[in-house]
Amino acid sequence: DSLNVPPKQVLDESLLTKPSDMEGFVTAAYARMADIPSWDSPFSPWWTGSLRADDSYKGGGGTWDGDGWHFMETFVGVTPNGWPLDYPWYVSYQIIQRCNTAIQKLHNISEEDFPQKNARLGEVTFIRTFTHFRLKQFFKYIPYIDETVVGTSAEFEAVPNRDRDQPNDQYLWGRILADFKKAEELLPAVQPEKGRVDKNAATAMVARTLMFMAYEQDDRHNVVNINKDRLAEALLYLDKLTDQEGAKVGLQADFADNFDIAFDNNTKESIWEIQYSIDDGSAAGGKINRSEGLNHPFQWGGFQCCGFHHISYNMANAFKTGPDGLPMFDTYNNGSYADGHDVFFGKNTFDPRFSHTAVAPGQPWKYRPELLFERAGIRNGAEYGYLKSVKELVPPDCNCLLYDGWQFNSMNKRMIRYDEVLLWKAEVLIQLDRWNESLPLINKIRERAANSTGRLVMADGSPILNYRIETYKPGINCTWDKEFAWKALQWENRLEMAGEGRRFFDLQRWGILEKTMNDYFAVEKNRFSWMDIARFTAGRDEYFPIPQPQMNWAKGNYTQNPGY
Amino acid sequence: SAAEAIPQSVRQDKIVQGLVSEAGTNEPLAGASVHIKGTTVGTLTNSAGRYEISVGSEDAVLVFSYTGKKQEERPVRDVTLINVVMEDEETMLSEVYVGYMTQRKADLTGSIAIATANDIAKNPSANAMKSLQGKLAGVHITTNGGNPAEGVNVQIRGLSSLSGGVRPLIVLDGMPTENLNLRDINAGDIESIQVLKDAASASIYGARASGGVILVQTKKGKVGQTKVDYNGSVALSTVIEKPTLMNAEQYGVATFRAYAYDELAYGIPMSLPGTYEFSWHRNAGGRPVLDAVRPAEWLNADQTVKGSDTDWLGEILQPAMMTNHQVTISSGTDRSRSLFSLGYFDNEGTQIHTFFRQYSIRTNTEYSLINNRLKIGENLAVSYLQYRDANEMRWALINPPAVPVYDINGGWAGAAGFDDFTNPVRVLTDNKDNISNYVKIIGNVFMDLNIWNGISARTQFGIDYGNAYSRTVEKMWSETGGRNSNGENYVGNNQSHPLSYVWANTLSYNMSSEKHSLDAVAGVEYTRFVQEGFSARREGVYLEDRDFAHIGVTTGTRYSLGSSADEYIYFSLFGKANYVYDQKYLFSATLRRDGSSLFGANNRFAIFPAFSAGWRLSNESFMENQGFISDLKIRAGWGANGNVQGLPRGYTSTPFTTDYSGTSYPIEGNETGPLYSGYRRTWLGNPNLKWETTTQTDVAVDFGFLNNRISGSFGYYFKKTRDVLVQTPYIAAMGEGGEPWINGADMNNRGIEFEISYRNDPKRAFQYGISANIGTYKTKLVSLPENVINKYPGDGVHDLVLGRTPNILYGLVADGIFKTQEEVDNHAEQPGKAIGRIRYKDLDGNGIVQELHDRTYIGITDPDFFGGVTFDFSYHNFDMNVFFQGVFGNKVNNVWKRESDLWNISVPAHKNHPIRILDAWSFDNPTSSIPAISNSTQNAEHRFSSYFVEDGSYLKMRNVELGYTLPSAVSSKMMMQHLRLYASARNVFTLKKWWGADQFTSFDPEMPGYGYLTPFFLTFGLNVTF
């Protein structure tokens, strides 16, 4: 047929069936997971988990700048039509589709022809399940799409986000759990290539899923039961990880290593990292982390955008320590940085993790004593304060920086760390009434924090701040009962993971969002007037609304979350 | 002399002489052709209109011809003096090219708009279609304003596709082109443009014709004396219609008002910015009152950026020159005709360092052999375009006036202390040499054989080749106090090569007897289009000098590559027949069958039929003996044609693609260096994919009264488009590449077109004429696939776009400004509401203003009608032309109003605004309709609402031209046959709606926003014929 002109620059599906073609489907799944071409990524932790909690403020030019996030941090005006919810939803299902395509193709290949078959199946099953897990944390009820869903859009529209025959969301957790367990079985303990997911990542996610599953919620998101069987099972998986503690798995001596690009793929603390690279021949400039494109300040010429993500004054206060070196559980939020830089830093002592988390004007940038951060580097201090979040950022002369109108860096994103795992284990032990066993775990975290001051110095070698931190010593500086252990665990969690996008989901799991956030707003609105309207509505704001476009396309098959 | 040209066979025994003059004016005609019928013997009249010719036989017949005049024949017999008065060619008798054949205008049964070289020359532009804006009824031409790169958008009879506007098919000298922008060819080479608007006319072009067809005929050599024409003009352009922006002090006043208002309305404490020095106090009522304000002396801590008063718009605008030179040399005998032209067009933009230049050359020849039975010829044009197509209007409009262009050391200044701005002078200057180059080669060769008795065959092979090329040196830069290039520079190369070739073979038959006349043509046409493009960009060039900075000498690690490719084929069969009975009854039928590689595997061939008929009442006997009606014709047509422009390549199968940026991953954990890449699904295939089909019914009356001094046409059309291509959005759960294209939607267009012109008595010394045209269209979406409805304005549930035009605006309804606290309190819940803020209607009455439930349809951007009016005057040697163009009844989303009326709505903060914002609501100005200046966005006024919807009607005086032609006695002494001098002014003024609630508040309704402002031109030019 002379009228048959093949399209250009594309591959026909029928050509891609050989064992050697399989890696391409798997790599494409990894690629989409990492290459979410905007900061409205489902893996972008700072807006999903930090600014919606008491950790962070949005920052940027003003309340109108990225207004969808402003609505999220005040819990006012979040609507099913609002930016930026539909995009993360859509991107998530792109990742899931690439994984399912890889699984479908891998099923047609024998292990004999393709020895890596099980490892690759494990990898894409993990990535798919992690994506479902993340969506579940955002939206509670989601359509669970695995490789058996095939066909036209009608087949996909027919998968509801909520099975109306089920009393609650436990069935969705169940599917996530089963898939993580499947991935754990398939994945090898060691992967020759550093960028691949391995068994420990899946083990951690099985435990994490069981923990979320254990805090059972009712229809209005109240935690109505803590299922100890789930927690006991989680402990088995957490033990698998802590049993490995040693040369390969464990805490780094210095907390700073977790936020230093020089330690990408090079810490025993990191259990899974999303890989980023730069100068790799990509037209976009690199396989770069696009989720933090707005978070760099304006200084040194190296940073040109856009001053988002500031540490909240409440969060900063939480790092204050008392004369006993412990958090000031009850009085921490009296006063704030707004009282004056010298007043704030002069009259308080701090947990060293403050300086790993935030930088204030006049303090060194990111372990570089010669680079003092300036007040002029803050874009809008009047509305968002002067404490810049730094964990996700790099030095301004790093060759890992890319500027193309927004500012990106190629530091890997540590998705699961061993310090978190220790804190999960402590949490499980307390809930299983074994709080005494949680004490050494929490203290191990605090000891490491206490020892992480080596890089927190001014040019003259003096410490940046007056650091003081102690471990919990029952009978000496505390009474280690269940109630106290639980409070200590919650605080430790917040301090260790500050600004890293975990806080909202911890509060969600524990069922204390409403109290925590409204208490936070009650004080914070006196510090920033835009907080005046902020109000957390229980039974609604624990989850995002299902994006309206998806509601429409599902033609009645999706159920909107309550309150929206 | 002419005598030397006489062949030996002709006896030189008789001299005939005489005077050739023009009817009406009785002016002698210089350069008129006089030749002996059936021979190549001929001469031209001299500058006094006189001729002399030797005639071999008394049986000879002299033929007199002159461009634009009716050809006259006179038998010699026994006379020796033959004076001829030549009349204007009666337009109804002239031949019109209608695609693969010509037809007498009187016999047309379709709707064809015709423009001549004169229409183009009267509003000169690099793009002939821009010149014709407002001159063709029903042809809606929109432009990119004053950008010298002259992009235009042409829409004929409304929108008939949803996959982007359907561009009309351009047919150049009989060759349907796949890749021609009329900007690419010299507008001065165009002899005429015919626009086929109705389906019956256009369907001879089948699958590509539903957007209408534009037939462009270039100038050819004519029989007659060798002629040299020179047209030259020089124009000065400057932007007149522009916003008046605040100066540094006014900006400071507005800034203060924002803080003062926010304290009163929202209780936000005054915390004035450090970029200005304010002195103020509180009045007795406690309200802040400004005493004086000026920019801070230094805007940055280093004290290198001085607080200034910069007119940013003035910094990027310049008065500019437009220069045009064209030389055309043509000659022709009975055996050969030729034309050669050279053109140079240079339009400096009114923004600094923008320009468009075109160098062009055209040559064509035609030879008549074997007793006029065989014609062979060629037509070739080469153009070279250079342009810098940049527009920095946005930064120039919003940069704070306190920021200077330069720092104190002469370096570029950035917006120190203000938010995140870019220096537009720096951007335009640094990139001034990064120009785009384009070479176009277009032409054809043909052979036309008159076989026997009205049967003739023609073969024509044409090519259309483009070569787009650019090299960009991205310099290192730094704006003091602002952004910088991070110490990186780049060289980028970009090229693309589209090529199409068309081979058409036709067989025609002409027959006419006393009562019957039949013209028919049948043919076959093969078209192939191929395109490949390549781009590369690499960091690190040692010297930014253009002589050095080529991509091969870059040394950096950052690079990127890109490519593009396309190919498709058409194979078409077609036929058309026109039959006229007794000059009264006209019939025409067309059939085209297109095969194309663009169609899905299951739909390779498309058939497009059309029929039309006309009745010339004025030729009926019952119409005789009345003097009023000189011409009257009723005509009607029906036809089908197609559109393929939205057809995506290869969407008929399901392919995967390697897309390095999107499918690669550092699987080995590497920080840099090449990555392994996989593949992703690109789309879902649809082998049933096919063209969009438009069927169109057309009814019209053409009329001429009072010896055709009043003439015109009135028509109605109804278009129905089926199988409209839509890419179906789909549920996200399906993942990526799930969007198949389908032929799923239906839409209708209907409208009328009316043209009328009047000329006064041609015997008068004072001549004048008026011609006017208007066109309308109404577009309606009839059906859409369920998943697609949400792509169009509406809420997808109650408010559906079906039954409406897709060009519709949907948003909240702004209901004035809250003038008192009582009004605020009594209004529905509206987050952020306050005195001085916009009130929105709570349409569903649930007591809360929500975007989800309170939006409605608030305006249609389609005009009620559009058109133009031309006035022509001449008196002795003076001529004058005045042309108005207008669009009426359309609503526009005045995007500029977001900037002009709202202080702080989007990134970056601290934008400058026009002085209009100083009239905003305040306690001292409580009746204003502009919301109070505020830093807060709590009322979310940037949401799309009727506040931004304004009437977009305008009437523009596009051109006024005054010309003077030297008397031929004078010009002949200067060795010229003809010399005309003229001066013209373009874009003289704009009338817009200045009253009522929907008045247009911005500067140019044609270009609200950040478009390249349309300048005023003052032109001086001359036309000379040697």
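Here are legends for a few close-up views of this predicted model.

**View 1. A:D541 and its surroundings in chain A.** We're in the loop that runs between α18 (513-524) and α19 (548-553) of chain A, which is where A:D541 sits. With a relative accessibility of 3%, A:D541 counts as buried, because the cut-off for that is under 20%. Setting aside neighbours within four places in sequence, look for its contacts with A:R52, A:F75, A:F504, A:R535, A:F536 and A:Y564. Its side chain also makes a polar contact, at 2.8 Å, with the side chain of A:R540. A:L513 is 28 residues away along the chain, yet the C-alpha atoms of A:L513 and A:D541 are 8.7 Å apart.

**View 2. Where chain B meets chain A.** Here 78 residues of chain B touch 86 of chain A. The two chains bury about 6700 Å² between them, with 54% of that on carbon and sulfur atoms. On the chain B side, B:Y665, B:Y679 and B:I731 lose the most area to chain A, together making up 12% of what that side buries.

**View 3. Polar links across the interface of chain B and chain A.** There are 33 residue pairs in polar contact here, both partners at pLDDT 80 or more, plus four salt bridges by the rule used. One salt bridge joins B:D419 to A:R379, with the closest N and O atoms 2.6 Å apart. As for who supplies the chain B side, β28(B) gives the most, at nine residues. By class, that side has 29 nonpolar, 33 polar and 16 charged residues.

**View 4. A strand pairing between the chains.** Strand β1 (residues 11-12) of chain A pairs with β32(B) in the antiparallel sense, over two bridges. Look for A:D12, whose bridge partner in β32(B) is B:P655.

Terms used. Residues numbered from 1 in each chain as written. Chains lettered and ligands numbered in written order. Predicted model: local features only at pLDDT ≥ 70, side-chain atom pairs only at ≥ 80, totals over all residues. Heavy atoms only, no water. Helix = DSSP H or I, 4+ residues; strand = E, 2+ residues; numbered from the N terminus. Buried < 20%, exposed > 50% of the residue type's maximum accessible area, 1.4 Å probe, protein only. Contact = heavy atoms within 4.5 Å. Polar contact = N/O pair within 3.5 Å; in protein donor to acceptor, adjacent residues only side chain to side chain. Buried area = accessible area lost by both parts, 1.4 Å probe. Salt bridge = Lys/Arg side-chain N within 4 Å of Asp/Glu carboxyl O. Nonpolar A, V, L, I, M, F, W, Y, C, P; charged D, E, K, R; others polar. Pairing = 2+ DSSP bridges.
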